Amino acid sequence: MKQGRKFNKITAAGLEALLLVILFIVSVGVLQGCGNTAKEAKADKAERYALLTQRDAINLRQVITADSTTSRTVMWQSETENKDTFVEYRKVKADGATIQMQKERVNDKFTDNGKTTWVHTVTLQNLQPGTEYEYRLGYKDRRSDWYKLTAAQGMKYKALIFPDSQSAKYKAWEDVAMPAWKRNPDAQFFIAMGDLVDNGEHVYQWNEWFTRIRPMITQIPVAPVLGNHETYTMDWKVRMPLAFLHYFQLPEGAPEKYKNQFYSFDFGDVHFTVLNTQTRELGELQPDMLQEQLAWFRADMEKTKKKWKIVLMHKDVLRYGFLKRKTPREEGFSEEGKLFMPLFDKYGVDAVLTAHLHTYRNRGRIFNFKRDAKGSLYILTGVAGDVRYPELWKRHSLDVSLAPQPETNNYMVLEAESDKLKFSCYLPDGTKIDEAVAEKTN
């Protein structure tokens, strides 16, 4: 009996010691695990914050800045005012990365087509070139999901180029843009060449445009070009392109009264200049815009020190004859071409991308209105929506190549390197239909 009691006593002591060891191991594991991985940190934050509602975060987007190596603009809308919103961001692949916060700089109440939203703008500064970040929106005790953001770095990169996306049903826009991005996940930004929507006052169309490309535009920034359809009211009259001007806070530098209409930005060793070609639509509303834009363009060209210069403009530089219309029209140059092409010659612009005519045409190099190897490379970028003009245009004598006829949608890829720019055109299924290259050794 004594031996049995002794055995029970020893067993109890052993169990107590074992329990202490287990508790010690668990406590050490918990301490080591605190903030150890991004995944665990996310889980921790998810428990502390409620998610933003859909009403709090509409049409989230990244927008190009003048220098994408150190800054990025993040924009979204909300159905209520939501004062004092902010963006939190942190480095990816950094143990214990500190979450930084940037408060909104714009909270803009905007009513269009009978619908009011508040447009929020946050510009992140002092980013580190080439660094991967993740960001989320914040408002009071609510947070959004985390999204990817990468600061630019180096001279070699890829960008997507989408021509007119105006549509009746924006599924067509999605079917061009999203496969293009999935085939080019390394693209660092994308260009929208104007006529993003069919009717600039139509809120539904803008919501569709943003929603259809949400996975892409939340991860890489857009560089938008103003098109004529952005100026149209619901009854197809002309007004200022109010929605475009509110929805995209673009790089500064133009006169304040033309803010967000024309602008420029640098990416790698390329200087991009984005023009407003809507002088016909906006002439009465902005009678001095053309001359003031020309003065700004000259100053912009003279100021840049970048190796490459690319101009983005919605309306095309050539005039096309009609293929089947009874009204005859001879080929030639558009008013925009007559006005701007001599300036492109003067300042040595390397490539000019246009849109508006819903057809892809590679014109090769043109100087002084003639085929010339020393001139700018001109490309009419095509169509990326469901509004098409089958068999409308004749082939211009300056056209080098065009898309297969009857024309369908297309997109383009820009591959920039230190010594060359390559522009490739693809059909929606990924079939490559054309390529044009500009090269420099100096």
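Which residues is Ala-180 in contact with, leaving aside its neighbours within four places in sequence? I looked this up and found Leu-160, Phe-162 and Tyr-411, with contact taken as heavy atoms within 4.5 Å.

**Ground rules.** I am working on a predicted model, where local features need pLDDT of at least 70, side-chain atom pairs count only at pLDDT 80 or more, and totals for chains, interfaces and linings use all residues. Residues are numbered from 1 along each chain as its sequence is written, and side-chain values use heavy atoms, with hydrogens and water left out.

**Whole chain.** The chain has 442 residues, and 53% of them count as buried. Buried is under 20% relative accessible area, exposed is over 50%, and partly exposed is in between, with a 1.4 Å probe and protein chains only. Of the contacts between residues at least 6 apart in sequence, 69% join residues at least 24 apart.

**Ala-180.** I placed Ala-180 in helix H3, residues 171–183. Its relative accessible area is 0%, so Ala-180 is buried. Leu-427 is 247 residues from Ala-180 in sequence, and their C-alpha atoms are 9.3 Å apart.

**Leu-137.** I found Leu-137 in strand S8, residues 132–139. Leu-137 counts as buried because its relative accessibility is 1%. Beyond four places in sequence, its contacts include Leu-52, Trp-76, Phe-86 and Arg-142. Leu-52 is 85 residues away from Leu-137 in sequence and 8.1 Å away in space, C-alpha to C-alpha.

**H8 and H9.** I then took helix H8 (residues 289–303) against helix H9 (residues 335–346): they pack at an angle of about 10°, with axes 12 Å apart. H8 is therefore roughly parallel to H9. Axes are lines fitted to C-alpha atoms, for helices over the stretch in contact, and angles run from 0 to 180 degrees between N-to-C directions. Under 35 degrees counts as roughly parallel, over 145 as roughly antiparallel, 65 to 115 as roughly perpendicular, and the rest as oblique. On the H8 side I listed Leu-290, Gln-293, Leu-294, Phe-297 and Arg-298, which meet Leu-339, Phe-340, Leu-343 and Phe-344 in H9. Among the buried residues of H9 are Phe-340, Leu-343 and Phe-344. Just after H9, Gly-348 takes a positive phi of about 65°.

**Loop between H6 and S14.** I located Gln-249 in the loop between helix H6 (242–247) and strand S14 (263–267). Gln-249 counts as buried, at 9% relative accessibility. Among the residues Gln-249 touches, beyond four places in sequence, are Arg-105, Lys-259 and Asn-260. Asn-260 lies in the loop between H6 and S14 and counts as buried at 5% relative accessibility. Asn-260 is not a glycine, yet has a positive phi of about 75°.

**Other backbone entries.** I recorded a positive phi of about 65° at Trp-236, also not a glycine. Trp-236 lies in the loop between strand S13 (222–224) and H6, and at 48% relative accessibility counts as partly exposed. Gln-405 and Pro-406 are joined by a cis peptide bond, with omega about -5°. I placed Pro-406 in the loop between strand S23 (401–402) and strand S24 (411–416).

Definitions and conventions
Helix = DSSP H or I, 4+ residues; strand = E, 2+ residues; numbered from the N terminus.
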